Amino acid sequence: MTVHPAGSRAIVVGIDPDRDWHLALAWAADEAQRRRVPLRLVLAVPPQHDSHHVDGSPGRTALRHAGSDRLEQACTWVRDRHPEVSVTGDLLGGFPAPVLGGAARDARMIVLGSRRLSRTAEFFSAGSLVVPVTAQARCPVVVVGDAEHISGQPPHLVAGVDGSASATAAVAFAFDEADLRGAALRLVCAWQPPRIMPADEEVALRAQRALLSEATAGLSEKYPDVHVTHEVRTGHAVEELARASEHALAVVVGRRGRGGYTGMRIGSVVHGLLHRAHCPVITVPTG
């Protein structure tokens, strides 16, 4: 029996029975193994009006059986990959987004796959999870649309810095993640010159470099084995962070607040990276 530290919280993974879950589940299982915490797989079965629809689509009973089978397959797959990781599967009734949002309340982090939909399609899709869960979760959310670039030398993570409280939380998480992996950390600050009023570029760049230095205050001492580099880039934050993380294990950014029912208050940079970055995207809430 695997023993976990007292008070350890599980990593929660959203399982979609209609999509391949291996990429997101592999990321989550590896993370659970590194952190020595349990893994909880959650599959939500939406409400149905009856047990068999006249149009031939499966009813609730059939969906529950299919979901149970898929959960058991996923749990077995995790046990084969990491026998020491404690894994459980929960089949819950309800629509996926609110079910996973509820599961995230007691989670260490939540991990989702991504269908790489356009922004509009992701927002209006009935099965969309990424935007509403990312907006409302009280824990870090990892969206795995592409695999980690483990061949990058040296292996590294990228974290975005903009001086906000959410970015401060993201940098702290990124240091911890880099330390767990024995990876380097690249802190990136993007500056976009104003289009109308001219700006003193040198003054602006000095301010960005100061933000990068402040972001590491106390953390470099706490994580002495993490090699950190500072980069100031000129351009749009989404484009520059996506470019910087092209060969990264993951890109880590903060997100501002939790949205209402629309789930849109995740910030333009986070929203853009969810559709532009070609590595896992980790978003970290403030506090």
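Axes here are lines fitted to C-alpha atoms, for helices over the stretch in contact, and angles run from 0 to 180 degrees between N-to-C directions. Helices (H or I, at least four residues) and strands (E, at least two) are DSSP runs, numbered from the N terminus. The model is predicted: local features need pLDDT of at least 70, side-chain atom pairs count only at pLDDT 80 or more, and totals for chains, interfaces and linings use all residues. Residues are numbered from 1 along each chain as its sequence is written, and side-chain values use heavy atoms, without hydrogens and water.

**View A. Helices α9 and α10 pack at an angle of about 40 degrees.** Their axes lie 9 Å apart. The angle makes α9 oblique to α10 (under 35 degrees counts as roughly parallel, over 145 as roughly antiparallel, 65 to 115 as roughly perpendicular, and the rest as oblique). Contact (heavy atoms within 4.5 Å) joins Ala237, Val238, Glu239, Leu241 and Ala242 of α9 to Ser268, Val269, Gly272, Leu273 and Arg276 of α10. By class, this contact of α9 with α10 has six nonpolar, two polar and two charged residues. Ala, Val, Leu, Ile, Met, Phe, Trp, Tyr, Cys and Pro count as nonpolar, Asp, Glu, Lys and Arg as charged, and the others, Gly among them, as polar.

**View B. Helix α1 (residues 22-35) packs against helix α6 (residues 165-181) at about 80 degrees.** The axes are 10 Å apart. This angle makes α1 roughly perpendicular to α6. On the α1 side, Trp27, Glu31, Arg34 and Arg35 make the contact; on the α6 side, Phe173, Asp176, Glu177, Leu180 and Arg181 do. The contact of α1 with α6 has three nonpolar, no polar and six charged residues.

**View C. The second largest pocket is lined by 21 residues.** A pocket is an open set of points on a 1 Å grid over the protein atoms alone, where a 1.4 Å probe fits, with protein on both sides within 12 Å along at least five of seven lines; lining residues have an atom within 4 Å of a point. Val161, Asp162, Ala237, Leu241 and Val269 lie nearest the pocket's centre. The lining divides into eleven nonpolar, seven polar and three charged residues.
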